[in-house]
Amino acid sequence: LRSALWCFVVHPSFEAFFALMIMTNAIFVAVQTDLAAKGISKDSDSVLFSLSIMYTVVFTAEIVLRVAAEGYGFFVHRGQWAWNMLDLF
């Protein structure tokens with residue numbers, strides 16, 4: 001099971017999907033900040049909250065899948081452990 005999960009999380013499609021999620025999340029944060037700065041975020045609070053929850057769930061799922069696939073190696077992998085810890089926090 002772990003080797004199948006490993007193949008899944010290192011697949012280019014998996015990586016591309018989460019790269020796209022990171023980029024769209026950055027745009028979302030920028031729009032959310034702009035709306036708050038203009039004082040009009042109150043009109044769209046429920047939509048913004050729902051999108052925020054969606055991103056949280058997606059990024060949590062990514063971390064869970066990566067930790068399940070890599071096990072302890074997620075925390076000590078040479079060259080990537082710092083990025084993995086950054087993703088975790």
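Predicted model: local features only at pLDDT ≥ 70, side-chain atom pairs only at ≥ 80, totals over all residues.
**Helix H2**

Helix H2 covers residues 12-38, which is 27 residues. After H2 comes glycine 39, which has a positive phi, near 75°.

Five residues of H2 are named here as buried: Phe14, Phe18, Met21, Phe28 and Leu35.

**How the helices pack**

Two packed helices are described by the angle between their axes and the distance between the axes. The table gives these values for two pairs.

| Pair | Angle | Axis distance |
|---|---|---|
| H1 and H3 | about 130° | 8 Å |
| H2 and H3 | roughly 150° | within 11 Å |

Angles over 145 degrees count as roughly antiparallel. H2 and H3 cross at roughly 150°, and they are therefore roughly antiparallel to each other. The angle of H1 and H3 is about 130°, and this pair is therefore oblique. H1 passes H3 in a left-handed crossing, and H2 also passes H3 in a left-handed crossing.

**The contact of H1 with H3**

On the H1 side, the residues in this contact are Arg2, Leu5, Trp6, Phe8 and Val9. They meet Leu65, Arg66, Ala68, Ala69 and Glu70 of H3. By class, the contact has 7 nonpolar residues, 3 charged residues and no polar ones.

Arginine 2 lies in H1. Leaving out residues up to four places away in sequence, arginine 2 touches Ala68, Ala69, Glu70 and Gly71. Arginine 2 and glutamate 70 are 68 residues apart along the chain, and their C-alpha atoms are separated by 7.8 Å.

**The contact of H2 with H3**

From H2, the residues that meet H3 include Phe14, Phe18, Met21, Phe28 and Leu35, which are also buried. Glu15, Phe17, Ile22, Thr24, Asn25 and Gln32 of H2 take part in the contact as well. On the H3 side are Leu48, Leu51, Ser52, Met54, Tyr55, Val58, Phe59, Glu62, Leu65 and Arg66. The residues of this contact divide into 14 nonpolar, 4 polar and 3 charged. Leu65 and Arg66 of H3 meet residues of H2, and Leu65 and Arg66 also meet residues of H1.

**Aspartate 45**

Aspartate 45 is found in H3. Is this residue buried, partly exposed or exposed? Aspartate 45 has a relative accessible area of 36%, so it is partly exposed. Aspartate 45 and glutamine 32 are 13 residues apart in sequence, and their C-alpha atoms are 9.4 Å apart in space.

How values were computed:
Residues numbered from 1 in each chain as written. Heavy atoms only, no water. Helix = DSSP H or I, 4+ residues; strand = E, 2+ residues; numbered from the N terminus. Expected span 1.5 Å × (residues − 1). Buried < 20%, exposed > 50% of the residue type's maximum accessible area, 1.4 Å probe, protein only. Axes fitted to C-alpha atoms, helices over the stretch in contact; angles between N-to-C directions. Parallel < 35°, antiparallel > 145°, perpendicular 65-115°, else oblique. Left-handed = near helix turned anticlockwise from the far one by under 90°. Contact = heavy atoms within 4.5 Å. Nonpolar A, V, L, I, M, F, W, Y, C, P; charged D, E, K, R; others polar.
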